[in-house]
Amino acid sequence: MSLANLNLAAEADAILARLGVETSAYRGGSLTVRSPISGEELGKLPEMDARSAEQAIDAAHGAFLEWRLVPAPKRGELIRLLGEELRAAKADLGRLVSIEVGKITSEGLGEVQEMIDICDFAVGLSRQLYGLTIATERAEHRMMETWHPLGVVGIISAFNFPVAVWSWNAALALVCGNATVWKPSEKTPLTALATQAIFEKALKRYISEGGTAPKNLSTLIIGGRDIGEVMVDHPKVPLVSATGSTAMGRAVGPRLAQRFARAILELGGNNAAIVTPTADLDLTLRGVAFAAMGTAGQRCTTLRRLFVHESVYDKLVPRLQKAYQSVTIGNPMVDGNLVGPLIDKASFERMQKALNAAKAEGGKVTGGERVLADQAADAYYVRPAIVEMPSQCGPVVEETFAPILYVMKYSDFDAVLELHNGVPQGLSSSIFTNDIREAETFVSDRGSDCGIANVNIGPSGAEIGGAFGGEKETGGGRESGSDAWKAYMRRATNTVNYGRTLPLAQGVKFDI
Ligand code: UN1
């Protein structure tokens, strides 16, 4: 199928209408949104100005004051219904993700599945916001910790997971008793409008079934950096969860710190895998291919650096190069295509710049060229690139959000561990090995320094049950599963005296 005349705008219109989004929300405004599949314009969204963003946040704060009083399991019921509405909308929303981001069909659907999964998780969590009871040194006292709603949670999301990242944050934030304000990427506002409409549907059902919820519980703010800044600086936003580049995090983090607000930062990754002499090479090949080429290299968890032991290098790397040469590139909504487009021209240019820099450092590049330009001049499809590097230098230590895999040979395990950790970022990592010592060392204190460390699977494609995020320039935040919910609540330590005397801690005497 050719990339010309796909008429994606008409299809997006039909999906948005089915999901309950009014056309006025994406017509006649100043924010142009295009499909990376063909470069076709999908809509022009009206943008919010700073003043109205501020008002929206004030209104969200009002919603928080009421929502925090609703018992957590009842708040969970709203998220249960959100999960149901997402199940009903999965095909449409997944397709819209493909149209707006260029993901292949199964990944578009997978993204919505990730939303459903976190809703399920959050529903269970709504009955498990546990605190501890702690032994106290004072007689007839009880000490415990309690967890309370925090306030308005600001969410800044990136184009590559345009809706799942919202749901990781919103599902937890809402069961924890907060209101949310969401600023999506300027590249992907349509899927945000659709998600907001799905949320409204769930809310309506919740209220019609007797649930209590205030207005403005979940607010979408569409616009540019200026309204993001309003959110970051607003005194009634105690937590901002921001996903995006390290540069964005450097701008957001200090501003939040300045007013002692919390940040959950999920920034760049420069994820590596180590392939050791005992690795199952068939499995490794598949794991590496998905992690490095999947989503056209545009996940924060994408595999970007591959260290291969010298004893298996000549067995694995030629097979990998062959897979790179034969991988099917094209319209991501056509079954069988595995690599869709880059998000835009700027992304293509950054990729070419990185490849040129790699060549200048002695890298041997296969692939990386633009393809299908004859079919769609405004869409940027590339053949994923493998670059054999003599050492870890130049662009290898940076994150380029494109399908470039830098391959390096190693001989010594301890030395490769050092190289593995020798980059500024620390999101995800893997080792392919059947040697238990190597596997355990990799996940041990002296192994991978990343937030995610895997054995015999690639670094991307995490499930929602674990905490997601990474160290160093990745920002240190944790979202999604495990006890990530604690970041969305405030902890109080309570000491209750049920006796008639007043013993002081540490034996202090103060008798008046
Ligand atoms: C991201 O790229 O921003 O682990 C998130 C994964 C996905 C999430 C990626 N579950 O690859």
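Trainee: Which residue in β8 is the bridge partner of G154?

Mentor: This is a predicted model, in which local features need pLDDT of at least 70, side-chain atom pairs count only at pLDDT 80 or more, and totals for chains, interfaces and linings use all residues. Residues are numbered from 1 along each chain as its sequence is written. Strand β5 (residues 152-156) pairs with β8 in the parallel sense over four bridges (strands are DSSP E runs of at least two residues, numbered from the N terminus; pairing needs at least two DSSP bridges). In β8, G154 has as its bridge partner V240.

Trainee: Which residue in β9 stands opposite V240?

Mentor: β8 also pairs with strand β9 (residues 262-266), in the parallel sense and over five bridges. Within this pairing L239 stands opposite R262. Opposite V240 stands A263.

Trainee: Are the residues of β8 that point the other way from L239, S241 and T243 buried or exposed?

Mentor: L239, S241 and T243 point one way from β8, whereas V240 and A242 point the other way. Five of the five residues of β8 (239-243) are covered in this sense, with at least 20 other C-beta atoms, placed from the backbone, within 10 Å of their own.

Conventions
Buried ≥ 20, exposed ≤ 12 C-beta atoms within 10 Å, placed from the backbone.
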